[in-house]
Each structure stands twice: as C-alpha cells, then as structure tokens.
Amino acid sequence: MQIDLTQIVVALIGVLAAVITKFVIPYLISKVGAEKRQEVAFWTKLAVEAAEKIFKEQGMGAAKKQYVKEFLEAKGFKLDENEIDVAIESAVLEMQNAIAG
C-alpha cells in the first residue's frame, strides 16, 4: 500500500502560508516600514534563488543561509538572525508555492 503525501504537503504549505500571513508579515511591518519590507523581501528572494543555484548539494543549508545573510548585509540591510530567518522562510515558501502552481 502506497500513501500519496501530495495532499498532506499541499495542506502544510497552506498552513504555513496562513501563519506567515497572520504573524510573520505583521511582525516584519512592525520592524521595518512597508517600503523597506518590500525591498528586503525582493532582495531576500533574489538571494535565496541564487543560493539554491550555487549550493546544489544536500546539507548546504548553513552555507545558503550565510550567503543570503552576507548578500543582504552587502545591500545595507541590518537584520538580526530572527529577521533573516523570517525573510528566508518567507522567500522559500513563496518559491515553493510558485512551483506547486
């Protein structure tokens, strides 16, 4: 008997999207202005996509995160670890939702 996990994964993505919409985005808005949040989101998504292309091997999560962190710092963003994690998770979720269609 084989179990199709597709519906479970889609449901989890939906829950994550709801959590991000309910809690993460308001948190980011409270920490930085709406314009700056959009700019951070844009550059984070770009850096995450680049990191995914550069670090293709399994187990490279720490290297990807470091790449994104350094990229954002080079763009002049001063974010703490929690803010970086939130921005990265949001960008990854957006990418996964785009792939899921």
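## Sorting the residues

In what follows, Ala, Val, Leu, Ile, Met, Phe, Trp, Tyr, Cys and Pro count as nonpolar, Asp, Glu, Lys and Arg as charged, and the others, Gly among them, as polar. Please keep in mind that this is a predicted model.

## The largest pocket

Let's start with the largest pocket, whose volume is about 290 Å³. It has 19 lining residues, and those closest to the centre are I25, A41, S90, A91 and E94.

The largest share comes from α4, with 7 residues. Sorted by class, the lining of the largest pocket holds 12 nonpolar, 3 polar and 4 charged residues.

## The second largest pocket

Next comes the second largest pocket, with a volume of about 170 Å³. Its lining is made up of I13, L16, V19, I20, V24, V86, E89, S90, V92, L93 and Q96. Here, the elements that supply two or more residues are α1 and α4.

Once again α4 stands out: it gives the most to the lining of the second largest pocket, 6 residues. By class, this lining has 8 nonpolar residues, 2 polar and 1 charged.

## A nonpolar patch on the surface

On the surface, I3, L5, I8, V9 and L12 form a nonpolar patch. Together, these residues have about 500 Å² of accessible area. One of them, L5, sits in the segment before α1 (6–31).

Note on methods. Residues numbered from 1 in each chain as written. Predicted model: local features only at pLDDT ≥ 70, side-chain atom pairs only at ≥ 80, totals over all residues. Heavy atoms only, no water. Patch = residues over 30% accessible without salt bridge, like charges linked within 9 Å, V, L, I, M, F, W, Y side chains within 5 Å. Areas by Shrake-Rupley, 256 points an atom, 1.4 Å probe, with all protein chains shown as cover. Salt bridge = Lys/Arg side-chain N within 4 Å of Asp/Glu carboxyl O. Helix = DSSP H or I, 4+ residues; strand = E, 2+ residues; numbered from the N terminus. 1 Å grid on protein atoms, 1.4 Å probe; cavity = no way out; pocket = protein on both sides within 12 Å on 5 of 7 lines; lining within 4 Å. Points joined across faces, edges and corners; volume = space filled by probe spheres on them.
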